[in-house]
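The sequence and the coordinates are shown first, and the explanation follows them.

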Amino acid sequence: MSDVRQHAEDIHAQFSDHIDLEVEDVEKRLTTLVDEYKVPMDEARRSVTTHYLDEAGLEREDISSGGSERAQIEDVDEPEEWIDLTAKVIELWEPRSDSIAQVGLLGDPTGTIKFTKWAKSDLPSLEEGGVYDLRNVVTDEYQGRYSVKLNSTTVVEELEEDLEVGDDTSEIEGALVDMQSGSGLIKRCPEEDCTYVLQNGRCPDHGEVEGDFDLRIKGVVDDGLDAHEVIFDAEATEGLTGISLEEAKDMAMDALDTTVVADEIRERVVGTYYHIEGPTFGRYVLADEVEELDGPVDAEELLIKARSM
């Protein structure tokens, strides 16, 4: 069976209970995107899935991937995967949208993760300190930080037990030796609850959109033994560089080019030593606390070293 055919059958299984759909139709749409328009398969699959979501009048959280697997929080390193978790509610926060019933932090022995429970899911309320078996939740990602969403297909079972919660905080001291692509002034999809970074003005789920500006650094920090991939959000980036989001937008407008922002950031931070603390999600450390350190600075030498890794 071809790769395209397998993806077509997976999508068909997701929608067969909602709309009249043939596998051949799905396969044709995928083939057109992949072969004619050279769209990567994962983006093509998201695009086709979005088409059928619109046709069926469904939200992405209303469909399942066809079976979830038991996982621990440290295993969450990809978006749009369906998993089962046993976790403790560490903290609840005030939702910022009427579409969200609850939002907060879950924990298990391997770490912590944000969760969102949709209002329309009609699920029972989770209580702080409670331990729950959560079956059929979907993973999400924003700036390298993973989360899980509880939806109408999720099963919530409260457990009469306690659960030890592990600490997933990392500490790094080293030189920021390089910046990855996707750093500087970027645009994100403006649709509610969508956080994808736009590529050539396109969101994988919502197609061509105007986008909202954001600022970040995807950096490589060398501690002398290992190279760590670190994400600095807009607040942390401003703290490192002194460049605010508004100033970055002005710089790009004056130059009619967003790459000048990344270039300026690179000039200010590459070769600088930092102490960084933050949670680890997948392969990224998210910089929650950053302190500049004294250290030998030879940006050219550090770049050569980084690119040889």
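Is Glu80 buried, partly exposed or exposed? Glu80 is partly exposed, since its relative accessible area is 31%, where buried means under 20% relative accessible area, exposed means over 50%, and partly exposed is in between (1.4 Å probe, protein chains only). This is a predicted model, in which local features need pLDDT of at least 70 and side-chain atom pairs count only at pLDDT 80 or more, while totals for chains, interfaces and linings use all residues. Residues are numbered from 1 along each chain as its sequence is written, and side-chain values use heavy atoms, with hydrogens and water left out.

Glu80 is found in the loop between β1 and β2 (82-93), where helices (H or I, at least four residues) and strands (E, at least two) are DSSP runs numbered from the N terminus. The backbone of Glu80 has a phi near 60°, a positive value in a residue other than glycine. Most residues other than glycine have a negative phi. Asn200 also has a positive phi, of about 55°, although Asn200 is not a glycine. Asn200 lies in the loop between β9 (184-188) and β10 (202-203), and Asn200 counts as exposed because its relative accessible area is 82%.

The charged side chains come next. Side chains of opposite charge can pair when their charged atoms come close. A search of the whole structure finds 13 salt bridges, a salt bridge being a side-chain nitrogen of Lys or Arg within 4 Å of a carboxyl oxygen of Asp or Glu. In one of them, the side chains of Glu9 and Arg5 meet at 3.5 Å, N to O. Why are Glu9 and Arg5 separated by about one helical turn? The two residues are four residues apart in helix α1 (residues 3-15), and therefore about one helical turn lies between them. Glu9 is partly exposed, with a relative accessible area of 28%, and Arg5 is partly exposed at 23% relative accessibility.

Arg5 also forms a salt bridge with Glu24, in which the closest N and O atoms are 3.5 Å apart. Because Arg5 lies in helix α1 and Glu24 in helix α2 (residues 23-36), this pair ties together parts that are 19 residues apart in sequence. Glu24 counts as partly exposed at 44% relative accessibility. Arg5, Glu9, Glu24 and Glu27 are linked in a network of salt bridges.

Another salt bridge joins the side chains of Asp133 and Arg70, at 2.8 Å, N to O. This pair links distant parts of the chain, with Asp133 in strand β5 (residues 131-142) and Arg70 in strand β1 (residues 69-70), 63 residues apart. Asp133 counts as buried at 9% relative accessibility, whereas Arg70 is partly exposed, with a relative accessible area of 48%.

The packing of helices can now be described. Two packed helices are described by the angle between their axes and the distance between the axes. The helices α1 and α2 pack at an angle of about 125°, with their axes 8 Å apart; axes are lines fitted to C-alpha atoms, for helices over the stretch in contact, and angles run from 0 to 180 degrees between N-to-C directions. That angle makes α1 oblique to α2, because angles under 35 degrees count as roughly parallel, over 145 as roughly antiparallel, 65 to 115 as roughly perpendicular and the rest as oblique. Contact means heavy atoms within 4.5 Å, and the residues that make it include Arg5 and Glu9 of α1 and Glu24 and Glu27 of α2. By class, the contact of α1 with α2 has six nonpolar, three polar and four charged residues, where Ala, Val, Leu, Ile, Met, Phe, Trp, Tyr, Cys and Pro count as nonpolar, Asp, Glu, Lys and Arg as charged, and the others, Gly among them, as polar.

Helix α4 (residues 234-241) and helix α6 (residues 259-269) pack at an angle of about 55°, with their axes 9 Å apart, and that makes α4 oblique to α6. The contact is made by Thr237, Leu240 and Thr241 of α4 together with Ile265, Arg268 and Val269 of α6. By class, the contact of α4 with α6 has three nonpolar, two polar and one charged residues.
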